[in-house]
Amino acid sequence: MRISTVKMKHKEQIKSLWNYCFYDEDPYLSWYYDNVFKPENTVAAIENDTVLSVMQLLDFDVAIRGKVFPCSYIAGVSTLPEFRGKGLARKVMQAAEELAKSRGKEFTLLTPSIDNFYEKFGYTSCYERLEFSYIPSDFKPVKSGCTSKKASKADTLLLEQIYLGFTQYFDGYVKRTSKDFADIIEQYSLERGGVYIFFDEKDNPISYIVYDLSDHTIFADEIAYICQKGLDAALEFIYLHGSQIDRTVIFAPLHSLLNQTLYTSQIEIKKIPTVMIKSLKENIDDMRLFVGQTCDETKPLQKNYIRIF
């Protein structure tokens, strides 16, 4: 058995294992493996050309307190059922972290699918987000007076503009490019979701929503806004889907204006651990920027929680 980066010939094996472990199906699954998957960023335990355990490194930069940190996000951690419990994932994780470190990355991050698992690999929780869940009839937003349009790849600069305005209120956020937003638009157009931009009375872009429709529920994976009116426009957009949905689920950073806007007894609010982090440098001073801080002490690291990661 060897542990190394994979080759393109292993793609279908890894894709099949991802489907088995995470239940993602086409068209998203094929889109991901055609647009995001890279063999040189995928580390696996391989025996007789069979992938036994695998994970992928997705590279991005995190901006926090005036500094930019090159990071690798670990995705798709998966092992064949017959090889679980043998320590393979730990060995692959160590190899992936060494690869990230050799490329100049300062941190690795991941989103845990289960609790109390990745701590043994040296990961520490550093970010939580809020989940708002309610029946559409339980909340009627104010009328915003805004207009909207479905975003296309020609609108990526508008999305960047809103995102930069939104993230200035957070100490940490993932830096995004026009290419990132183009990928998000394409990804959420594969099924019944999409990206919509909202404009005020003077036709200024003031917010956007990234959402998906599934099982009679609207999932607002991200709402970015530069003013209260922008948030109101997104909530109004969700409300107007009331005839076709039974439930609304909105994900948001801890310090979102949604805390005040949706604070009613009918709305269920949960705090969800979202991102764990591990330093790739010994005794790095800047680890204090990420861990050991509560929402009362500082603004949280805002992880990009769009499904592409």
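Trainee: What makes α6 largely enclosed by the rest of the structure?

Mentor: Nine of its 12 residues are buried, so the rest of the structure largely encloses it. Buried means under 20% relative accessible area, exposed over 50%, partly exposed in between (1.4 Å probe, protein chains only). Among the buried ones are L231, F237 and I238. Keep in mind that this is a predicted model, where local features need pLDDT of at least 70, side-chain atom pairs count only at pLDDT 80 or more, and totals for chains, interfaces and linings use all residues. Residues are numbered from 1 along each chain as its sequence is written, and side-chain values use heavy atoms, without hydrogens or water.

Trainee: What do the buried residues of α6 pack against?

Mentor: Their partners include β6 (124–134), β12 (247–253) and α7 (258–261). Contact here means heavy atoms within 4.5 Å.

Trainee: How do you know that the span of α6 agrees with what it should be?

Mentor: The expected span is 1.5 Å times one less than the number of residues. For the 12 residues of α6 (228–239) that gives 16 Å, and the end C-alpha atoms are 16 Å apart, so the two agree.

Trainee: Why is C146 called buried?

Mentor: Its relative accessible area is 18%, and the cut-off is under 20%, so it counts as buried.

Definitions and conventions
Helices (H or I, at least four residues) and strands (E, at least two) are DSSP runs, numbered from the N terminus.
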